[in-house]
Amino acid sequence: MAAWFPRRPRARVRARAHSTAHSPPVAFLLRLGWYCALPWLPSPWWVLAAEPLHGLTFGAAWAAGVARAAALAPPGLAASTQSVYSGVYLGLGSAAGAFVGGVVHARFGGVAVFAVAAAMLATVWALTTAASALIEARRRREEGEGGEGE
């Protein structure tokens with residue numbers, strides 16, 4: 001998937017990165033919900049049914065995030081923007097998840113970790129989707145205003 005992005009014009013990369021950005025949260029929410037249901041399933045081996053979603057949740061999130069960072073980067077700063085994304089995704093995100101997950105697990109148990117993670121993901125996904133829609137609407141409005149006076 002990552003090899004697909006560099007061969008496309010910038011506008012297509014932006015559109016593809018935007019639409020691909022919704023697949024990982026959906027898969028991750030399904031995966032987290034499945035993990036929450038595990039205590040009520042007849043065998044712990046049922047965890048294996050959710051594991052194929054890991055490839056989608058991590059791989060697609062990584063590919064979409066790096067492509068989105070490149071699409072949003074100012075000219076000449078794509079690599080820097082992708083590096084910031086990587087640091088936040090792998091560094092800050094992992095550290096925050098481990099810290100919050102540890103506190104939640106110690107106080108409320110394992111199922112609560114996945115429920116809280118799902119709630120946080122759904123909230124952040126909704127907020128970023130709304131922010132992205134507002135930014136895109138503003139960009140379109142500004143492009144429309146610029147074309148009228150010419």
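Start with the largest pocket: 49 residues line it, and Ala 61, Tyr 85, Tyr 89, Leu 121 and Val 124 lie nearest its centre. Here a pocket is an open set of points on a 1 Å grid over the protein atoms alone, where a 1.4 Å probe fits, with protein on both sides within 12 Å along at least five of seven lines; lining residues have an atom within 4 Å of a point. Two or more lining residues come from each of helix 1 (10–20), helix 2 (23–37), helix 3 (52–72), helix 4 (78–108) and helix 5 (110–148). Helices are DSSP runs (H or I, at least four residues), numbered from the N terminus. Helix 5 gives the largest share of the lining, 18 residues. The space in this pocket is about 1800 Å³, a volume being the space filled by probe spheres set on the points, which are joined across faces, edges and corners.

By class, the lining has 30 nonpolar, 12 polar and seven charged residues. Ala, Val, Leu, Ile, Met, Phe, Trp, Tyr, Cys and Pro count as nonpolar, Asp, Glu, Lys and Arg as charged, and the others, Gly among them, as polar.

A word on provenance. This is a predicted model; local features need pLDDT of at least 70, side-chain atom pairs count only at pLDDT 80 or more, and totals for chains, interfaces and linings use all residues. Residues are numbered from 1 along each chain as its sequence is written, and side-chain values use heavy atoms, without hydrogens and water.

The chain averages a pLDDT of 83, and 83% of the residues score at least 70; pLDDT is the predictor's confidence in each residue, from 0 to 100. Over residues 1–8 it stays under 50. Where pLDDT is low, the predicted coordinates should not be read in detail.

Now packing. Helix 2 and helix 3 pack at about 150 degrees, axes 8 Å apart. Axes are lines fitted to C-alpha atoms over the stretch in contact, and angles run from 0 to 180 degrees between N-to-C directions. Residues that meet here include Phe 28 in helix 2 and Leu 56 in helix 3; contact means heavy atoms within 4.5 Å.

Helix 3 and helix 4 pack at about 145 degrees, axes 8 Å apart. That contact has 10 nonpolar, five polar and no charged residues.

Last, Leu 38. Where is Leu 38 placed? In the loop between helix 2 and helix 3. Beyond four places in sequence, Leu 38 touches Trp 46 and Val 47. Leu 38 and Val 111 are 73 residues apart in sequence, but 8.5 Å apart in space, C-alpha to C-alpha.
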